[in-house]
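Please open the model in a viewer and keep a selection panel at hand.

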Amino acid sequence: MIAVDLHEPDDFEAWRSEARRLIGLGTPPDAVAWSEAGGTSDLFAAPSAAPAGPAREVRASRAFVELARSVVLHADPARLALLYRVLWRLQDCPRLLDDAADRDVAALERLARQVRRDIHKMRAFVRFRSVTDDDGVERYIAWFEPEHRIERYNADFFVNRFASQRWSILTPRLSLHWDGMTLLEGLPASKADAPDEDATEELWLGYYRSIFNPARLKVGMMLKEMPRRYWKNLPEARQIPDLIAGARQRETEMIAIGASLFEDAAPTSLEAVAQGIAQCRRCAIGCNGTRAVMGEGPAHAALMIVGEQPGDTEERENRPFVGPAGQLLDRALGEAGIDRQAAYITNAVKHFKFAPRGKRRLHQTPTAGEIDICRWWLDGERALVKPRVTLALGASSARGLLGRTPSIGRERGQALVQPDGTTVWLTAHPSYLLRLDGAAREREHARFAEDLAGLSKLLANV
Ligand code: URA
């Protein structure tokens, strides 16, 4: 018997090179005892000493290699022998994987499916909590217990998503630490090493309570998507039994009073908004790893200016409208006699949505759904700042303010009085002007200036 110990149980390349060597030497599956560091090894096995002999060529299809990459990550110690047996059989039966009824093939597919599911669950269910490092910088720490050895596999995903933040993911097998530049691997951790709660958690729980729609409750479906084993590390899941129990009553109440979805958890200060958006992962943009950019300006400004979303420069500098569009806006406001410093300036969407192109990050327009989700924060800012007039720059901003997508062409440059008595004033987005040239550019600049002049008059009268 030949003993092969895989030092790292998720090391596909190590398994592959041993398996190729053994197959090349014609070693049948029942002559190999696979084990892994920390696993139980075969007591009768001798240390790896495959007989030397004429090596034969090893054949493995790309489909097998892809399957094997996932299966190696499975926690089942028998997977290594199973993989080797299938690789062995593939040498004489290259189409073996097409036979879904074959027991070995079916077992491999099942293990791969379970690993893929665990990978997906980790991406969806890691919940970060914020702490302050010794050097005063914020770090996000999450505790997660994967079923399989997927931590290293998933590391790149989290690096890409949360590239500009410092974070650690602690698991029972190892920990991953990202400082914005380098990914380091650390020792196994325990749940006690991770922080318990942070200030925004209450807000998130309140939000979850408020978006939990009892009328759409499908317990079976929910359990499929969010299996019970993940609940213990998901703050929002602690509330699920109570929410299910009270669903019928809540549905009746909601119908009766037309309750606002978010009623429970409206932020009570601009600091709470800033903390909330920093943690917000309620839409795909919030999950893209950029920094949320908070509005800025006097806390009770008469004028609020709302853009679409921070751009590349804004996200890096952590301030709204400081890039090229911001410079154009500043100039135009100045020409209209409006003081930017006296306005509270923010965005309908708080994170930068982009598509990576090499080293560049290209702006992408947020969807109506994303704007509607982020409206929760914009409404929070408006309720706190209480501006008398709000300038909407472009269609996304207008949607965030009005809850519908208006025609800028038809509704720009006029006072749109809102049910709360405040006024929204619409114009084009400065980025749109930056993309034009020639006559269109001149015409649109003039219309923009005209809209701001109208706004200036309105401000003088409110
Ligand atoms: N465009 C926006 O809509 N907002 C910013 O903050 C910057 C550019």
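The axes of α2 and α4 come within 8 Å and cross at roughly 55 degrees; axes here are lines fitted to C-alpha atoms, for helices over the stretch in contact, with angles running from 0 to 180 degrees between N-to-C directions. Helices (H or I, at least four residues) and strands (E, at least two) are DSSP runs, numbered from the N terminus. α2 and α4 are therefore oblique to each other, given that angles under 35 degrees count as roughly parallel, over 145 as roughly antiparallel, 65 to 115 as roughly perpendicular and the rest as oblique. The crossing of α2 with α4 is left-handed; a crossing has that hand if the near helix is turned anticlockwise from the far one by less than a right angle, and is right-handed if clockwise.

This is a predicted model, in which local features need pLDDT of at least 70 and side-chain atom pairs count only at pLDDT 80 or more, whereas totals for chains, interfaces and linings use all residues. Residues are numbered from 1 along each chain as its sequence is written, and side-chain values use heavy atoms, with hydrogens and water left out.

Next, display the side chains between these two helices. F64, L67, S70 and V71 in α2 meet L108, E109, L111, A112 and V115 in α4, where contact means heavy atoms within 4.5 Å. By class, this α2 and α4 contact comprises 7 nonpolar, 1 polar and 1 charged residues. In this classification Ala, Val, Leu, Ile, Met, Phe, Trp, Tyr, Cys and Pro count as nonpolar, Asp, Glu, Lys and Arg as charged, and the others, Gly among them, as polar.

Centre on E109, which lies in helix α4. A C-alpha to C-alpha distance of 9.6 Å separates E109 from S70, with the two 39 residues apart in sequence.

The axes of α3 and α4 come within 10 Å and cross at roughly 130 degrees, which makes α3 oblique to α4. This crossing, too, is left-handed. From α3, R79, L82, L83, R85, V86 and R89 make the contact with D104, A107, L108 and L111 of α4. The contact of α3 with α4 has 6 nonpolar, no polar and 4 charged residues.

Pick L83: beyond residues up to four places away in sequence, L83 touches W15, F64, A68, V71, V72 and L108.

Move to G307, in strand β8 (residues 303-307). G307 has 0% relative accessibility and so counts as buried. Leaving aside residues up to four places away in sequence, G307 touches F321, T346, N347, A348, L393, S397 and H429. G307 and H429 are 122 residues apart in sequence, yet their C-alpha atoms are 7.3 Å apart.

F321 has a positive phi of about 50 degrees although it is not a glycine, and at 5% relative accessibility F321 counts as buried. K386, in the loop between α13 (368-385) and β12 (389-393), also has a positive phi, near 55 degrees. K386 is exposed, with a relative accessible area of 60%.

Finally, select α12 with helix α17 (residues 438-461), which pack at an angle of about 55 degrees with their axes 9 Å apart. Their crossing is right-handed. L328, L329, A332 and L333 of α12 meet H445, F448 and L452 of α17.

Terms used. Buried < 20%, exposed > 50% of the residue type's maximum accessible area, 1.4 Å probe, protein only.
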